[in-house]
Amino acid sequence: MLDAKETLQAIQIMGKTYPTTGSSLVADTPFHFLMAVILSAQTTDKAVNQISPALFARFKQPEDLANAKPSEVEPYIQTIGLYHNKAKYLVACAQGLVTQFDGQVPKTHKELMSLAGVGRKTADVVLAECFGIPALAVDTHVGRIAKRLAMVKEDATVNQIEQTLMKKLPKEMWITAHHRMIIWGRNQCLARAPKCQTCPLLFMCQEGQKRTQS
Ligand code: SF4
């Protein structure tokens, strides 16, 4: 397994290839960003960005969405997967914001995760992107890359991946590491066909070395 120093080195090498990264979801307020993250489950950020301008214009504040029926939300999001359920979650989440948090997006894991449709990953992303609070959200790319590079154990759960990465990386690198691992997963270490032959991490990646030898 990569130790803490090697894990940080891998993240730094990713940063040399992709120096500027950040969330690709576009939103103008924490409320709209929270909506976008909920919508991004099982779909691409690009698909969410295509529907979000009209959605955000219709539902400017949590109150607007809290007073709507899911059937009023569905036409705005029907091009993305699971839109029936997502419409229900969005309305219930907005109702929670209005009734529990005075219409403001809360700034703690516990409070965020008390809202409908908000799991740990969504809470991590919102804390990091909206408030700059260190968090290391584990999505499919982060999990895959952490395992391929042996930053974590092969059978680690999502929670174990998050905890291990947070232990190995300095706190000020958590948000950056999340961004870099996502862009690495989209462009270099793709799920089905990782580009190991051209990967600057090949020297430290046993998975890549196995793949390039066979
Ligand atoms: Fe991914 Fe291959 Fe690079 Fe390893 S060497 S990080 S498996 S692309």
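Mentor: Let us start with a definition: helices (H or I, at least four residues) and strands (E, at least two) are DSSP runs, numbered from the N terminus. The protein has twelve helices and zero strands. Before going further, note that this is a predicted model, in which local features need pLDDT of at least 70 and side-chain atom pairs count only at pLDDT 80 or more, while totals for chains, interfaces and linings use all residues. Residues are numbered from 1 along each chain as its sequence is written, and side-chain values use heavy atoms, with hydrogens and water left out.

Trainee: How compact is the protein for its length?

Mentor: The radius of gyration is taken over C-alpha atoms, and the globule rule is 2.2 Å times the number of residues to the power 0.38. With twelve helices and zero strands, the protein has a radius of gyration of 18 Å, close to the 17 Å that the rule gives for 214 residues, so it is as compact as a globular protein of that length. Along the principal axes, its C-alpha atoms fill a box of roughly 60 × 30 × 30 Å.

Trainee: What percentage of the residues is buried?

Mentor: Buried means under 20% relative accessible area, exposed over 50%, and partly exposed in between (1.4 Å probe, protein chains only). Buried residues make up 46% of the 214 residues. As for contacts (heavy atoms within 4.5 Å), 59% of those between residues at least 6 apart in sequence join residues at least 24 apart.

Trainee: Which residue with a positive phi follows H6?

Mentor: Asp102 follows H6, with a phi near 55 degrees. Leu82, in the loop between H5 and H6, also has a positive phi of about 55 degrees although it is not a glycine. A further case is Gln42, where phi is near 60 degrees. Gln42 is found in the loop between H2 and helix H3 (45-58) and is exposed, with a relative accessible area of 71%.

Trainee: How many salt bridges does the structure hold?

Mentor: A salt bridge is a side-chain nitrogen of Lys or Arg within 4 Å of a carboxyl oxygen of Asp or Glu. The structure holds five. In one of them, the closest N and O atoms of Asp45 and Arg186 are 3.3 Å apart. Asp45 lies in helix H3 and Arg186 in helix H11 (residues 174-187), so the pair ties together parts that are 141 residues apart in sequence. Asp45 counts as buried at 16% relative accessibility, whereas Arg186 is partly exposed at 41%. Another salt bridge joins Glu162 to Arg120, with closest N and O atoms 3.0 Å apart. Glu162 lies in helix H10 (residues 158-168) and Arg120 in helix H8 (residues 120-131), so this pair ties together parts that are 42 residues apart in sequence. Glu162 is buried at 2% relative accessibility, and Arg120 is partly exposed at 29%. Salt bridges that share partners also join Glu207, Lys210 and Arg211 into one network.

Trainee: What does the side chain of Arg144 reach?

Mentor: For charges, Lys and Arg count as positive and Asp and Glu as negative, while His and the chain ends are not counted. Arg144, in helix H9, is buried yet has no salt bridge; Asp139, the nearest side chain of opposite charge, is 7.2 Å away. A polar contact is a pair of N or O atoms within 3.5 Å; within protein, one must be able to donate a hydrogen and the other to accept it, and residues adjacent in sequence count only if both atoms are side-chain atoms. The Arg144 side chain has such a contact of 3.1 Å with the side chain of His141, and reaches the backbone oxygen of Cys189 at 2.9 Å.
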